[in-house]
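Here are some notes to read alongside the structure, written for someone meeting it for the first time. Please keep the view open and check each point as you go.

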Amino acid sequence: MTPSDDAHLTETLVDSQTLCEGSFLKARRDTVRLPDGRQAAREYIVHPGAVVIIPLLDDGRVLLERQFRYPVGRVMTEFPAGKLDPGEDPLACARRELLEETGYTAGQWAYAGAMHLAIAYSTEIIHIFFARGLVAGEARLDHDEFLEVRSATPQELAEACRAGRVTDAKTLTCTLWLQNVLAGQWPLDWQSHDESARP
């Protein structure tokens with residue numbers, strides 16, 4: 001797939017209206033001009049962006065979390081993740097979230113890429129990181145955060161995805177990344193980071 005002139009597909013903004021503005025998310029309704037000149041409405045969520053981390057333990061297992069997700073009303077199994085603070089560098093966010101949620105720090109990090117989670121109705125972009133050289137420590141959960149940290153082999157995780165026990169979209173995508181990285185198909189550029197320099 002190569003870039004091309006997408007003018008015949010592009011919608012252009014005519015007007016924008018804020019429907020709701022919360023502390024975390026905003027809802028907007030835009031009027032757009034379609035490629036054929038007609039107008040249409042587009043309602044969507046403005047999201048600050050996020051990171052997800054694939055933490056690789058020395059024994060070949062990966063770290064996962066289980067936590068209750070209120071919108072779907074169930075406990076979900078997923079990779080550690082969290083939203084970006086305003087102006088925050090994605091790697092800094094990944095290091096912070098891994099420490100806060102699991103207590104682990106990592107000696108090496110690799111940026112895998114980005115994914116758009118819900119392109120029909122959200123601006124959310126999630127940056128995917130791998131972490132290795134993990135060192136256990138104490139988690140620093142927020143006062144309203146309750147989760148369990150678990151580990152699994154890549155095979156166990158893949159089977160849980162296949163069986164429908166893992167349905168979180170970012171974790172499904174990261175499992176695909178994990179399989180291809182472990183198979184040597186998708187190489188990573190690992191970088192060392194001094195965790196002792198953290199504030």
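Which residues in helix α2 (residues 154-162) are buried?

1. This is a predicted model, and the points below should be read with that in mind. In helix α2, which spans residues 154-162, the buried residues are P154, L157, A160 and C161, where buried means under 20% relative accessible area. When one looks down the axis of α2, these buried residues fall within an arc of 125°, so they line one face of the helix.

2. The face of α2 that is turned away from this buried side carries Q155 and R162, which are exposed. On the buried side, the residues of α2 pack against two strands, β5 (62-69) and β10 (148-152), and against the helix α3 (169-182).

3. Following the chain just beyond α2, one comes to G164, which takes a positive phi of about 85°.

4. Turning to another part of the model, one finds an open sheet formed by 3 strands, in the order β1-β2-β3, with antiparallel pairing. The strands β1 (12-21) and β3 (39-46) are its edges, since each of them pairs on one side only. From one strand to the next, the twist averages 20°.

5. Within this sheet, the pairing of β2 (residues 26-33) with β3 can be followed in detail: the two strands run antiparallel and are joined by 8 bridges. As a place to look, T31 stands opposite A41 in β3.

Definitions and conventions:
Residues numbered from 1 in each chain as written. Predicted model: local features only at pLDDT ≥ 70, side-chain atom pairs only at ≥ 80, totals over all residues. Heavy atoms only, no water. Pairing = 2+ DSSP bridges. Helix = DSSP H or I, 4+ residues; strand = E, 2+ residues; numbered from the N terminus. Axes fitted to C-alpha atoms, helices over the stretch in contact; angles between N-to-C directions. Buried < 20%, exposed > 50% of the residue type's maximum accessible area, 1.4 Å probe, protein only. Arc of directions from axis to C-beta. Contact = heavy atoms within 4.5 Å.
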